[in-house]
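This briefing covers selected features of the structure shown below.

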Amino acid sequence: MKKQLVKYAILNDSGVYSLVSNATVYTDDSVVIIDFETEQERSDYLSDNEIVIEE
Amino acid sequence: MIGIGIGILQKRRIRESITTSMLLTSTGTGAGVSTLRLQVSSDMTVTLDGTGKFYTDEAGTIGESSSWTITAGALRTIYLKVPSGSANLSIPNRNLVTKFGEWNSIYGWVSVSVNGASMTITPSDFPNITTFIVARQLTILGKFPDKVIDLRLEGGGALTWNDSNNLPPLLQRILIEGSLLSWVNSTPLPNTITYVYIASLGMNWTGLSIGSGSNIIVLFLSNYRVDKMSSADMVTLLTQMTNRTGTLPAAVTINDYADYTSPPIEVTNAVTLLKSTKSITTVNLGA
């Protein structure tokens, strides 16, 4: 298990993406966490990489 | 004679008790269209007084009428406008109403944000509704009836609710999203709950139990309490989630947590046990 404090993160769990903001994330080692300093940076990354967040 | 008089009086009281009305108020230019969707168990004709009119098209231009006959069997849709002042939507038998919208954003009431009518409703006037799905331009007074299993309040406009009663005991799905919604309560969520999404700055649920027995597919507590949760309370909640009967979703979010930047070891241990016991992939404890 990994434990990480994030600001504006994208979690990638086997191709299923979700967003987490201002939180400590406890997740399996297989889940990729990409964290950003600002919400805009995260938004730009999502747009640039055409990542769709499931509601 | 006196006995007959009392009998008439009682009949009148019974008749009066099944009727109800909802106040509709014009906002802005009053040109905006509102949508009303009801399901009834027996055909019923509802009416609008004042300046209010029903329409059969979404644009609010066709089939103008002061009455709407709702045919039983499925959710029925009507559109309305209140161009000025106010109007009363009169329901001749409130006990016949069984649904106020459907879960998948099929709103029982929704009004355009600008110039649409605003409605005031007392949900407990409708004891047989199983759904209450609404968005925008609505003031909700008091508790929801016991038979409600789906409750969805979506803001994005003036959607107001201030209440402290318990949730309906058979509630299965709840989605609360909007800034003018305020529910102050600390009791466990119903044991029937399967879907929990609360993201409203005015909410203040300080319960430490999500109930037990049901399989929960969504658990997203974003903005759900005013004062941040302590680590001690977080351990209590996480432990309840671990020990409860029923599955939990792969990802769980619990915000409004005071120590989110540095959870103590007790919280981390409780999360570790929860993850392994309930096969949870991700637990987010946030601000």
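B:Phe126 is buried, because its relative accessibility is 2% and buried means under 20%. The model is predicted, and the values here are computed from it. Chain B contains 3 helices and 23 strands, and 49% of its 287 residues count as buried.

**Surroundings of B:Phe126**
- B:Phe126 lies in the loop of chain B between β12 (118-121) and β13 (131-135).
- Beyond its neighbours within four places in sequence, B:Phe126 is in contact with B:Thr20, B:Met22, B:Ile91, B:Arg94, B:Val97, B:Ile121 and B:Pro145.
- From B:Phe126 to B:Gln240 the separation is 114 residues in sequence and 34 Å in space, C-alpha to C-alpha.

**Chain B overall**
- The C-alpha trace of chain B spans about 70 × 50 × 30 Å along its principal axes.
- Taking contacts in chain B between residues at least 6 apart in sequence, 56% join residues at least 24 apart.

**Packing of α2(B) and α3(B)**
- Helix α2 (residues 231-243) and helix α3 (residues 265-278), both of chain B, have axes that come within 9 Å and cross at roughly 15°.
- The two helices, α2(B) and α3(B), are therefore roughly parallel to each other, as angles under 35 degrees count as roughly parallel.
- The crossing in which α2(B) passes α3(B) is left-handed.
- On the α2(B) side, the contact is made by B:Ser231, B:Met234, B:Val235, B:Leu238, B:Met241 and B:Thr242.
- On the α3(B) side, the contributing residues are B:Glu266, B:Val267, B:Ala270, B:Val271, B:Leu273, B:Leu274, B:Thr277 and B:Lys278.
- By residue class, the contact of α2(B) with α3(B) comprises 9 nonpolar, 3 polar and 2 charged residues.

**B:Leu238 within the helix contact**
- B:Leu238 belongs to helix α2 of chain B.
- With a relative accessibility of 0%, B:Leu238 counts as buried.
- Leaving aside neighbours within four places in sequence, the residues in contact with B:Leu238 are B:Ile254, B:Val267, B:Ala270, B:Val271 and B:Leu274.
- B:Val267 is 29 residues from B:Leu238 in sequence, with their C-alpha atoms 8.1 Å apart.

**Salt bridges**
- Side chains of opposite charge can pair when their charged atoms come close.
- Over all chains, the count comes to 8 salt bridges.
- In chain A, one salt bridge joins the side chains of A:Lys7 and A:Glu37, at 2.8 Å from N to O.
- This pair links distant parts of the chain, 30 residues apart: A:Lys7 is in strand β1 (residues 2-13) of chain A, and A:Glu37 is in the loop between β3 (32-36) and α1 (39-48) of chain A.
- A:Lys7 has a relative accessible area of 38% and is partly exposed.
- In chain B, B:Glu102 and B:Lys99 form a salt bridge whose closest N and O atoms are 3.5 Å apart.
- B:Glu102 counts as partly exposed at 30% relative accessibility, and B:Lys99 is partly exposed with a relative accessible area of 22%.
- A salt bridge also connects the side chains of B:Glu154 and B:Arg152, at 2.7 Å from N to O.
- B:Glu154 and B:Arg152 are both buried.

Technical notes:
Residues are numbered from 1 along each chain as its sequence is written. Chains are lettered from A and ligands numbered from 1 in the order in which they are written. This is a predicted model: local features need pLDDT of at least 70, side-chain atom pairs count only at pLDDT 80 or more; totals for chains, interfaces and linings use all residues. Side-chain values use heavy atoms; hydrogens and water are left out. Axes are lines fitted to C-alpha atoms, for helices over the stretch in contact, and angles run from 0 to 180 degrees between N-to-C directions. Helices (H or I, at least four residues) and strands (E, at least two) are DSSP runs, numbered from the N terminus. Angles under 35 degrees count as roughly parallel, over 145 as roughly antiparallel, 65 to 115 as roughly perpendicular and the rest as oblique. A crossing is left-handed if the near helix is turned anticlockwise from the far one by less than a right angle, and right-handed if clockwise. Contact means heavy atoms within 4.5 Å. Ala, Val, Leu, Ile, Met, Phe, Trp, Tyr, Cys and Pro count as nonpolar, Asp, Glu, Lys and Arg as charged, and the others, Gly among them, as polar. A salt bridge is a side-chain nitrogen of Lys or Arg within 4 Å of a carboxyl oxygen of Asp or Glu. Buried means under 20% relative accessible area, exposed over 50%, partly exposed in between (1.4 Å probe, protein chains only).
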